[in-house]
Amino acid sequence: MIWAFVAALAMVPLGVFVIRPRVAPLFQNDFQGIKTEAIVGPMVTLAVFMSALVIAQATAGYQRAYQSTSSEGSSISLLFEHAGMLPDNAGKDIQAASVCYARAVTHREFPALANLHTAPEVDHWADQFDLLVPKVLSGPGPIVGQIVALNRAQSEARLTRVNEASTNIPTLTIVLMIVAVLAVILALSSLAIKDMRRAVLVPVALLLATLLGGSLFLVDQLERPFSGIIKVSPSVISNVARDTGAAFATRYPGVALPCDATGRPTA
């Protein structure tokens with residue numbers, strides 16, 4: 001949506017240098033400029049209200065994406081830990097799948113989410129959990145209960161993370177916000193009081209265009225939590241992949257993980 005920011009700035013010279021000279025002769029005597037509080041005021045209120053509403057919704061979606069990523073990492077870490085509590089190394093395969101899942105999310109799915117895609121490698125390890133968890137249901141009840149709950153929490157966190165990768169704000173709302181912002185900037189820059197000099201009008205209008213245009217750009221960035229400038233980082237899951245991988249190598253020396261360093265399944 002960088003184009004909307006550029007369009008907002010372009011409204012200033014269009015209004016000041018093109019429209020304003022043609023509109024000014026239409027106002028005479030006490031009506032040398034439009035009464036801001038009567039006409040432009042409601043337009044400004046609408047633009048500010050729409051901006052605040054959309055930014056709040058976009059921020060909430062960004063926070064859900066961040067929280068689901070953290071929750072997913074915590075669930076995988078605890079799943080690895082609880083699987084290691086099962087007797088006779090019965091949870092070894094679950095632990096191995098946990099390490100590979102964390103690696104695949106970090107190196108495969110986060111880059112794919114920038115293009116609104118999921119990673120088949122992560123799907124594979126999620127399916128492995130569905131196969132491996134039922135095999136340990138005969139183990140100690142409290143531990144098995146925690147493993148089942150953590151597996152469910154991991155699945156729910158991933159679903160939320162994937163859902164938040166796409167735009168959640170209705171397109172019509174975004175369009176209305178853009179129209180309101182551009183209309184306000186154009187109106188204030190072209191229908192300002194006739195006696196206001198350009199040396200004052202241009203900086204004020206540019207400041208308003210920067211603020212409102214920046215709001216449009218911010219919404220665009222928040223609506224793409226896994227790409228752009230302020231994207232959510234996979235640091236939590238990356239740390240889990242590193243720590244669980246080291247723990248697996250320590251506990252099972254000489255046992256190879258069923259995946260490579262990026263989480264891709266190996267033969």
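Predicted model: local features only at pLDDT ≥ 70, side-chain atom pairs only at ≥ 80, totals over all residues.

Visitor: Why is N89 called partly exposed?

Guide: The relative accessibility of N89 is 41%. N89 sits in the loop between α2 (36-83) and α3 (92-113), and its phi is near 55°, a positive value in a residue other than glycine.

Visitor: What makes L116 count as exposed?

Guide: L116 has a relative accessibility of 53%. Exposed requires over 50%, therefore L116 qualifies. L116 is found in the loop between α3 and α4 (120-132); its phi, near 65°, is also positive.

Visitor: How many aromatic pairs are there, and why is the pair of Y101 and F129 called tilted?

Guide: The count comes to 3 aromatic pairs. Among them, Y101 and F129 lie 5.7 Å apart, centre to centre, with 50° between the planes. Stacked needs under 30 degrees and edge-to-face over 60, so 50° leaves this pair tilted. Y101 belongs to helix α3 and F129 to helix α4, so the pair ties together parts 28 residues apart in sequence. Both Y101 and F129 are buried.

Visitor: What makes the pair of F110 and F226 edge-to-face?

Guide: The planes of F110 and F226 stand at 85°, with 5.2 Å centre to centre. Edge-to-face requires over 60 degrees, so the label applies. F110 lies in helix α3 and F226 in the loop between α7 (198-222) and α8 (235-251), so the pair ties together parts 116 residues apart in sequence.

Visitor: How do you know whether F110 and F226 are buried or exposed?

Guide: The relative accessible area is 6% for F110 and 4% for F226. Buried means under 20%, so F110 is buried, and so is F226.

Definitions and conventions: Residues numbered from 1 in each chain as written. Heavy atoms only, no water. Helix = DSSP H or I, 4+ residues; strand = E, 2+ residues; numbered from the N terminus. Buried < 20%, exposed > 50% of the residue type's maximum accessible area, 1.4 Å probe, protein only. Phe/Tyr/Trp six-rings, centres within 6.5 Å; stacked < 30°, edge-to-face > 60°.
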